[in-house]
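Thanks, everyone; I would like to take a few minutes on one pair of helices, then on the ligand, and finally on confidence. Please have a look at the model first.

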Amino acid sequence: MMDENSLYEHVRRRRLHVYENGPKFHGITPGLDASKPPEWYDPVAFKHAQKLFDKYQSILSLTSFMGLILGLMSDDEILRILLSTGNSETVDKLFTRYLSTIKHIEDWFRYDPFDTDSKSFKSLKMVRTMHCKVADKLNNNQTTNEQNAKQINQREMFLTQGAFFGLSALIPKQIGYHRFTQKDFHSIFHFWRVIGYCMGIEDEFNICNGSDEEVVEMCRQIYHEDSLLKIRQCAERYPMSRAVHNAFYGYIMTFSYSSMMHYLAPILNLDIRLYPLTTFTEWFEYQLFKLTMKKLYKYSWFIKLSNRHARNSTKNARKKRKKIVKKLQKQFPDQNFTLETYPFILDLNNNNKF
Ligand code: HEM
């Protein structure tokens, strides 16, 4: 184990290396043979993570959802790419987009990523193809001046990979990870290391490449030394996070955006005044969210109940997808997110300089 200073320095150097060099490389390693596990693949740890998903689906899913919401607030470059495809244009499109993402994640947690006949392998291939198509289109449209930074590059892959599990490394006890052991966390990090590999992330830029304490420190530094500065500048002006939440609230998400963020804000050093509780329902949901995260997730009976709720609500949302899309179109007719109208407020030129 490294002492605190060397750990900090070691991780800081690696993080800055990713920020400086990651943008130069395509997010999908050229020539990747995704049917072949990397030499560091540990099937026991990977399968253990899959068992954890079976046991704690609601906790792991909520972590990725909250990570996504924060991630959408913190990186202009990624946001610009998401906006460029039009699939995040309206609340109903966000619903369709992220309902599909949930299905992909479920397949990764259930099947063998290296078995070419499995749902996981097919899903990973499909996502790589989507990334490649979007990246190629954007890269071909770039002027020669801009071509130093690739679109969907290794830096962006590194940050997005972290968004899926980073909060579990950063604030585990505050978001329900009471029953998780060191071995459990190791397996989760290993799982995301493998998924990152399958997405096309080079080992050099894989956020989970390193000891568990390095992964935790990396997530801490990314959040506290980079993302937080950006989120603080723009939280109240970045409406897509709220919109993703609105898309799922009442279908898969039990808690409103304000109640969730009101709880998370002080833990994550965000300004709680940006997330006021304006109605009794919001106040009640906040109390319930706090109780769930701090206490109820300690009990296996509650976790089972919550998993059942997560599975049923996702299944229902899939079944009623068309109806929900229509309802969201009527409910949020004026919410539109395009590159031209999105309220970016960060200085693009400073976005990478940390
Ligand atoms: C480890 C990193 C990543 C994972 C696990 C991931 C996961 C996914 C998944 C599951 C989908 C399929 C969504 C669907 O079915 O509609 C998807 C699509 C997509 N992803 Fe990623 N992604 C990652 C990194 C990134 C990055 C860094 C960017 C942009 C900079 C990006 C941009 C997109 C875009 C544009 C699509 C097509 C759907 C759309 O238009 O939004 N992804 N990704």
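What we see in this predicted model is that α4 and α5 are oblique to each other, oblique being the class left over once angles under 35 degrees count as roughly parallel, over 145 as roughly antiparallel and 65 to 115 as roughly perpendicular. The axes of α4 (residues 91-110) and α5 (residues 119-141) come within 8 Å and cross at roughly 140 degrees, where axes are lines fitted to C-alpha atoms over the stretch in contact, and angles run from 0 to 180 degrees between N-to-C directions. Helices here are DSSP runs of H or I with at least four residues, numbered from the N terminus.

At this contact, His104, Asp107 and Trp108 of α4 meet Lys119, Ser120, Ser123 and Val127 of α5, contact being C-beta atoms, placed from the backbone, within 7 Å.

Turning to the ligand, 22 residues surround it, the closest being Thr85, Asn87, Ser100, Glu156 and Thr160, with a C-beta atom, placed from the backbone, within 6 Å as the criterion. Two or more residues of that shell come from each of α3 (76-84), α4, α5, α6 (154-170) and α7 (182-199).

As for numbering and criteria, residues are counted from 1 along each chain as its sequence is written. Local features need pLDDT of at least 70 and side-chain atom pairs 80 or more, while totals for chains, interfaces and linings use all residues of this predicted model.

On confidence, mean pLDDT (the predictor's confidence in each residue, from 0 to 100) is 92 for the protein chain, with 95% of its residues at 70 or more. Over residues 347-354, however, pLDDT is below 50.

Methods
Contact = placed C-beta atoms within 7 Å.
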